[in-house]
Amino acid sequence: MQLTLASRHYRDPETYARERTTVFGAGWQFLGHEAEVTQPGDYVSGDLAGWPVLVVRGADGTLRGFHNVCRHRAGPLVTEPKGQCGGELTCRYHGWRYALDGRLRSAVDFGAAEGFDPREFGLHPVTVGLWRGFIFVNVDGKAGPLAELVAPMEALFAARGVTLAPATLRRSHDLACNWKTYVENYLEGYHISAVHPALAAEVDGSAYRVRMDGAVAIHEVPTLSGVNDGLWAWMWPNLAFNVYRYGMMVEHMRPIGHDRTRLDYLYFYDPASDDMEAILKASDQLTLEDKIICEAVQKNLDAGIYETGVLSPRHEDGVAWFQSQIARALT
Ligand code: FES
Ligand SMILES: [Fe+2]
């Protein structure tokens, strides 16, 4: 019998503080796609479990990552999720200017401070990794090779001949729950018949399985009509690739503190051939159904009566794997 992770880990700010370092700081975090940063000075930025980071393309064409935190008094260099910064990154607080490789170029109007060497005040770097144009960052610089993490995903994409459609669209949804509550919901199809009636009519719920390959969870489900035929795959710790016939949606399950989660959806689609309106409507409906159940579960986890439960050997292998990784990260 496999017991669940103790409920306090879904409501304790201390647990989240540790996860920020041992899960998110230590691993590869999704940030965007290379198509968003084609020119020197183009950047993408984001808050990754409380780590504000940016990736910018240098004059030499190289992508470099930094904490979006000025070395003077911690001001932000960029405030938009993506954009063009020109030839340098300029702090929004007092205007210090950094070269695109992170060196402090000018501590504007600072005055003569004894012992102050601008060469020691470059931006703190983060490691950048690329896979199929997707940009990842590693905050602590000690994660293993990105290629190793994505290898099962790469094998799936290669076997299915997955390619990216040209148009992109970003949308977000906010959930009042711990990030793990939502991730675990994504990691099983057990809830489909009770939570997603429209989807349940499409899939053979009794044959629904989630299989782990490395740090990737692969949903395998025979569909009755073929309408939802596709590939749903999640990768540790909080990213999923949902491949449909119209294109793909990358789903980033981003914690905003210990009790809030933001789902960032990045759609890749073909603007000429698809009915995005209907696709987004179906996607919104599914998300709403998951939001309602995850928020209800979170309230019950917060209530205090539930300490630990049990996991289904038929349906919850993915959840079990995820919880074992979390338990390891917390010890
Ligand atoms: S905090 Fe950046 S210039 Fe002051
Ligand atoms: Fe769901």
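Analyst: A nonpolar core is a set of buried Ala, Val, Leu, Ile, Met, Phe, Trp, Tyr and Cys residues joined through C-beta atoms within 7 Å. A residue is buried if 20 or more other C-beta atoms lie within 10 Å of its own, exposed if 12 or fewer, and partly exposed in between, with C-beta atoms placed from the backbone. This is a predicted model, in which local features need pLDDT of at least 70 and side-chain atom pairs count only at pLDDT 80 or more, while totals for chains, interfaces and linings use all residues. Residues are numbered from 1 along each chain as its sequence is written, and chains are lettered from A and ligands numbered from 1 in the order in which they are written.

User: Which residues of the largest nonpolar core touch the most other members, and what places this core where it lies?

Analyst: The largest nonpolar core has 68 residues, and among these Leu54 and Val55 touch the most other members. Both domain 1 (28–138) and domain 2 (161–330) give residues to this core, so it lies between them. The domain bounds come from an automatic or database domain assignment, and the centres of the two domains, taken over C-alpha atoms, are separated by 32 Å.

User: What does Leu54 touch, not counting residues up to four places away in sequence?

Analyst: Two residues are in contact if their C-beta atoms, placed from the backbone, lie within 7 Å. With residues up to four places away not counted, Leu54 touches residues including Tyr43, Val44, Phe66 and Leu77.

User: Is Ala49 buried or exposed, and how do you know?

Analyst: Ala49 has 21 other C-beta atoms within 10 Å, and because the definition asks for 20 or more, Ala49 is buried. Ala49 lies in the loop between strand S3 (42–48) and strand S4 (51–57), where strands (E, at least two residues) and helices (H or I, at least four) are DSSP runs, numbered from the N terminus. Its phi is near 50 degrees, a positive value in a residue other than glycine.

User: Is Asp109 buried or exposed, and what count decides it?

Analyst: Asp109 has 8 other C-beta atoms within 10 Å, and because 12 or fewer is the condition for an exposed residue, Asp109 is exposed. Asp109 is found in the loop between strand S9 (104–106) and strand S10 (125–131), and its phi is near 55 degrees, also a positive value in a residue other than glycine. Most residues other than glycine have a negative phi, and most peptide bonds are trans.

User: What kind of peptide bond joins Trp236 and Pro237, and how do you know?

Analyst: The bond is cis, with omega about 0 degrees. Pro237 lies in the loop between strand S15 (231–235) and strand S16 (239–243).

User: What makes S12 and S13 edge strands?

Analyst: Seven strands form an open sheet in the order S12-S18-S17-S16-S15-S14-S13, with antiparallel pairing. Strand S12 (167–175) and strand S13 (209–213) each have a single partner strand, so one side of each is left without a neighbour in the sheet.

User: Why is Cys294 called buried?

Analyst: Cys294, in helix H6, has 23 other C-beta atoms within 10 Å, and because 20 or more are required, Cys294 is buried. Leaving aside neighbours within four places in sequence, its contacts include Leu175 and Tyr182.

Definitions and conventions
Pairing = 2+ DSSP bridges.
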